[in-house]
There are 2 protein chains.
Amino acid sequence: MSRLRIECFSISLDGYGAGLNQDLENPLGRNGKAVHEWFFPTLTFNKMIGQPGGTTGIDNQFAARGFEGVGANIMGRNMFGPVRGPWQDDEWTGWWGANPPYHSPVFVLTHHKREPIEMEGGTTFYFVTDGIESALKQAKKAAGGKDIRLNGGVSVIRQYLSKGYVDYMHLAVSPKLLGAGENLFAGLDLVQLGYVVKESTHGENATHIIFEKL
Amino acid sequence: MSRLRIECFSISLDGYGAGLNQDLENPLGRNGKAVHEWFFPTLTFNKMIGQPGGTTGIDNQFAARGFEGVGANIMGRNMFGPVRGPWQDDEWTGWWGANPPYHSPVFVLTHHKREPIEMEGGTTFYFVTDGIESALKQAKKAAGGKDIRLNGGVSVIRQYLSKGYVDYMHLAVSPKLLGAGENLFAGLDLVQLGYVVKESTHGENATHIIFEKL
């Protein structure tokens, strides 16, 4: 049974998954990178960017797990890039270079139609304009029985959580403050939605929390 | 120099310091007790309630620290009790029995005048009706050079934080969800207010975070 999983989603102590003022220089908004700092030293991240070495402790175990058994991905348009409004041209193909780390179909939620982009390494970006249920349905079909990873950003994750579609969520809570930005929890009653904390593990640079749906 | 300290303030993963519907049976609101569960097994808590035994690990170290060097306390009226509106009589003297765990003056913020209550063991409750600055001033005077502990609840802590009056804050983040309730962080930009994370320590049942003001 194909599950919808959130993996390695990093938030600050005050609940922000991204800072204010996202742009080309600050894809995660002001100070947003700080909440991801647990991820960068890991072997998994280094592999992802083609670098040698990296840590192999608890943080890396969670980082690696996030890629296991994933057959398709979903992300929001703001995670795909800084372009807003209608696509002006086909120039922007994501933050990740010619060979993105997904190696499977990626369904990008947007209000603006665009043709699929086939990248190196098995990643194809499909642009979905008819809503989150449609993206989920297409991703399930594409995943071929494997799981679907819901990558972010905050807004897309909140939309899927609020409908109860997420089966599994791993949050990495970083010991940082963002002060302002996109809050993951605000107005979202995860208890009412049926989520429970299954596991809490202290990594080297983040606390890893696993949530499951009852 | 007397500091204003928040100690052992417990919050859920989703940022709630208390649940909904606080009443006599649920002084911390619905499920609110869950965020304090790290505290109950400790030696410090057992001592506080006159019981033998208790854990002596990291959680206990933070619990014990919270009482060190404290010469006066401040709390909100909702933390003092479930009574709302004008005091009907002098019957309610707090949740803590004849000998409360404060052993020093406690300044209770309220809109309704009431005479001080002298309890056993050195605790006297003073009722302050002219605002948070007045309570802070009175507590400083009473503390005799020692620190002032700001006990809670969420609303009072937010008021003092938003004015930048808090010098030191220890939060115990419990691996629990409350889903709804009183959120500590909502709309409070701790970065802008000058707070930084000084320490993050993994206890047995909570993650302990120390914030200081730059």
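Helix α4(B) is followed by B:Gly144, whose phi is positive, near 55 degrees. The model is predicted; local features need pLDDT of at least 70, side-chain atom pairs count only at pLDDT 80 or more, and totals for chains, interfaces and linings use all residues. Residues are numbered from 1 along each chain as its sequence is written, with chains lettered from A and ligands numbered from 1 in the order in which they are written. Helices (H or I, at least four residues) and strands (E, at least two) are DSSP runs, numbered from the N terminus.

Helix α4 of chain B spans residues 132–143 and has twelve residues. From its first C-alpha to its last, α4(B) reaches 16 Å, close to the 16 Å expected at 1.5 Å a residue. The expected span is 1.5 Å times one less than the number of residues. Four residues of α4(B) are buried: B:Ala135, B:Leu136, B:Ala139 and B:Ala143. They lie on the same side of α4(B), because they cover an arc of only 100 degrees around the axis. The arc is that of the directions from the helix axis to the C-beta atoms. An α-helix has 3.6 residues a turn, so residues three or four places apart point the same way. The face of α4(B) turned away from the buried side carries the exposed residues B:Glu133 and B:Lys141. A residue is buried if 20 or more other C-beta atoms lie within 10 Å of its own, exposed if 12 or fewer, and partly exposed in between; C-beta atoms are placed from the backbone.

The cover over the buried residues of α4(B) includes β1 (4–11), β3 (70–76), β4 (105–109), β6 (124–128) and β7 (147–152) of chain B. Contact requires C-beta atoms, placed from the backbone, to lie within 7 Å. Helix α2 (residues 58–65) of chain B lies across β1, β8 (168–173), β10 and β11 (207–213) of chain B. The angle of α2(B) to β1(B) is about 140 degrees. Axes are lines fitted to C-alpha atoms, for helices over the stretch in contact, and angles run from 0 to 180 degrees between N-to-C directions.

The strands of chain B include an open sheet of nine, in the order β5-β6-β4-β3-β7-β1-β8-β11-β10, with mixed pairing. Its edge strands are β5 (117–118) and β10 (195–202), each pairing on one side only. Two strands pair if DSSP finds at least two bridges between them. β3(B) and β4(B) run parallel and are joined by four bridges. B:Gly76 has B:Leu109 as its bridge partner in β4(B). β4(B) and β6(B) also run parallel, joined by five bridges. In β6(B), B:Tyr126 is the bridge partner of B:Phe107, and B:Phe127 that of B:Val108.

β4(B) is largely enclosed by the rest of the structure, because five of its five residues are buried. Both of its faces are covered. B:Pro105, B:Phe107 and B:Leu109 are buried on one side, B:Val106 and B:Val108 on the other. In a regular strand the side chains alternate between the two faces of the sheet.

Chain A has five helices and eleven strands. The C-alpha atoms of chain A fill a box of roughly 45 × 40 × 35 Å along the principal axes. Buried residues make up 45% of chain A. In helix α2 (residues 58–65) of chain A, A:Asp59, A:Asn60, A:Phe62 and A:Ala63 are buried. They cover an arc of only 160 degrees around the axis, which puts them on the same side of α2(A).

Between the chains, 21 residues of chain A are in contact with 21 residues of chain B. β10 (195–202) and β11 (207–213) of chain A each supply at least two residues of this side of chain A. The largest share, four residues, comes from β10(A).

A cis peptide bond joins A:Gly152 and A:Gly153, with omega about 0 degrees. The bond from B:Gly152 to B:Gly153 is cis, with omega near 0 degrees. Phi of B:Cys8 is near 55 degrees, a positive value in a residue other than glycine. B:Cys8 is found in strand β1 of chain B.

Key: Two residues are in contact if their C-beta atoms, placed from the backbone, lie within 7 Å.
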